[in-house]
Amino acid sequence: AFGQINSLRTLHLPDSLEKIPIGMAHHALQLTRVAIPPKVRVLPLDVFASCIALKEVILPPHLERIERGVFWECRKLPQITLPATMKYIGEFSFYHCDNLKHVYLHAVEPPQMCNAFSKSSKVTIHVPKESATAYKANIDWKDINHNGSKCLSYWESEDLINFSEQKLLYFGRDDFGCLWAPEITYDEENGDYLIHWGSTVRETD
């Protein structure tokens, strides 16, 4: 809708809006500020990816999901506040957000998270005081930089035009992290698909 419009600096969306299109403002290189309408529950795939000038994001109070790559390469974003309703933070959501220093997360229960931050990130996650122990014990949150993603993302489609919602597949062992670069090969002899991927393994670091 607004992707690659280089003159766009501030994005005003109507309060009646409930759903945002995939990749709505990706590569809007001059976009600096956006406020998401209060009825929106999901930020879809790549919606603000590579908005390299984005400095301020105001999220709605009932947001539940941030899908894959939403804030990818938002290099000037210094901080963000995530509401108490957050349930899922997708893969690569905050990758290459070089200036991101603080994430204020108000969810009492740790949201599911899959490799949302770059390994080089130096971000401080602020969580409710009473939930600190739960976040430290949760496998998704206790060691963001090392564990990374333990899942591969996939979508289903019969026509390569219309796709299902993103799904996560858990692979390997608990000490695997940062799964990436999957390749699928069809084994005609056995009628099976073989998946190869890259990953870190804690014991071999």
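## Close-up views of a predicted model

**View 1. Glu-73 and Arg-75 meet in a salt bridge, with 3.0 Å from N to O.** A salt bridge here is a side-chain nitrogen of Lys or Arg within 4 Å of a carboxyl oxygen of Asp or Glu. Salt bridges that share partners join Glu-73, Arg-75 and Asp-98 into one network. By the rule above, the count comes to five salt bridges.

A word on reading these views: this is a predicted model, in which local features need pLDDT of at least 70 and side-chain atom pairs count only at pLDDT 80 or more, while totals for chains, interfaces and linings use all residues. Residues are numbered from 1 along each chain as its sequence is written, and side-chain values use heavy atoms, with hydrogens and water left out.

**View 2. Arg-68 forms a salt bridge with Glu-91.** The closest N and O atoms of Arg-68 and Glu-91 are 4.0 Å apart. Arg-68 lies in the loop between β5 (65-66) and β6 (79-82), and Glu-91 in the loop between β7 and β8, so the pair ties together parts that are 23 residues apart in sequence. (Strands are DSSP runs of E with at least two residues, numbered from the N terminus.) Which of the two partners, Arg-68 or Glu-91, is buried? Glu-91 counts as buried, at 5% relative accessibility, whereas Arg-68 counts as partly exposed, at 26%.

**View 3. Glu-67 is paired with Arg-65 in a salt bridge.** Look for the closest N and O atoms of this pair, which are 2.7 Å apart. Glu-67 is buried, with a relative accessible area of 6%, while Arg-65 counts as partly exposed at 27%. Keep Glu-67 in mind for the next view.

**View 4. The largest pocket has a volume of about 480 Å³.** Which residues are the closest to the centre of this pocket? Of the 17 residues that line the largest pocket, they are Ile-22, Val-42, Pro-44, Glu-67 and Glu-165. By class, the lining has eight nonpolar, two polar and seven charged residues. (Ala, Val, Leu, Ile, Met, Phe, Trp, Tyr, Cys and Pro count as nonpolar, Asp, Glu, Lys and Arg as charged, and the others, Gly among them, as polar.) A pocket is an open set of points on a 1 Å grid over the protein atoms alone, where a 1.4 Å probe fits, with protein on both sides within 12 Å along at least five of seven lines; lining residues have an atom within 4 Å of a point. Grid points are joined across faces, edges and corners, and the volume is the space filled by probe spheres set on them.

**View 5. Four strands form an open sheet.** Their order is β3-β5-β7-β9, and the pairing is parallel. At the edges stand β3 (42-43) and β9 (112-113), each with a single partner strand, so one side of each is left without a neighbour in the sheet. β7 and β9 run parallel and are joined by two bridges (strands pair if DSSP finds at least two bridges between them). Find Tyr-88, which stands opposite Gln-112 in β9.

**View 6. Ser-50 and Phe-92 each have a positive phi in a residue other than glycine.** Phi is near 60 degrees for Ser-50 and near 65 degrees for Phe-92. Ser-50 has its place in the loop between β3 and β4 (56-58), and Phe-92 is found in the loop between β7 and β8. Are they buried or exposed? Ser-50 is buried, with a relative accessible area of 4%, and Phe-92 is buried too, with 13%.

**View 7. Lys-101 lies in the loop between β7 (88-89) and β8 (102-105).** Lys-101 is partly exposed, with a relative accessible area of 37%. Not counting residues up to four places away in sequence, Lys-101 touches Pro-78, Lys-122, Val-123 and Thr-124 (contact means heavy atoms within 4.5 Å). Pro-78 is 23 residues apart from Lys-101 along the chain, and their C-alpha atoms are separated by 5.7 Å.

Conventions. Buried means under 20% relative accessible area, exposed over 50%, partly exposed in between (1.4 Å probe, protein chains only).
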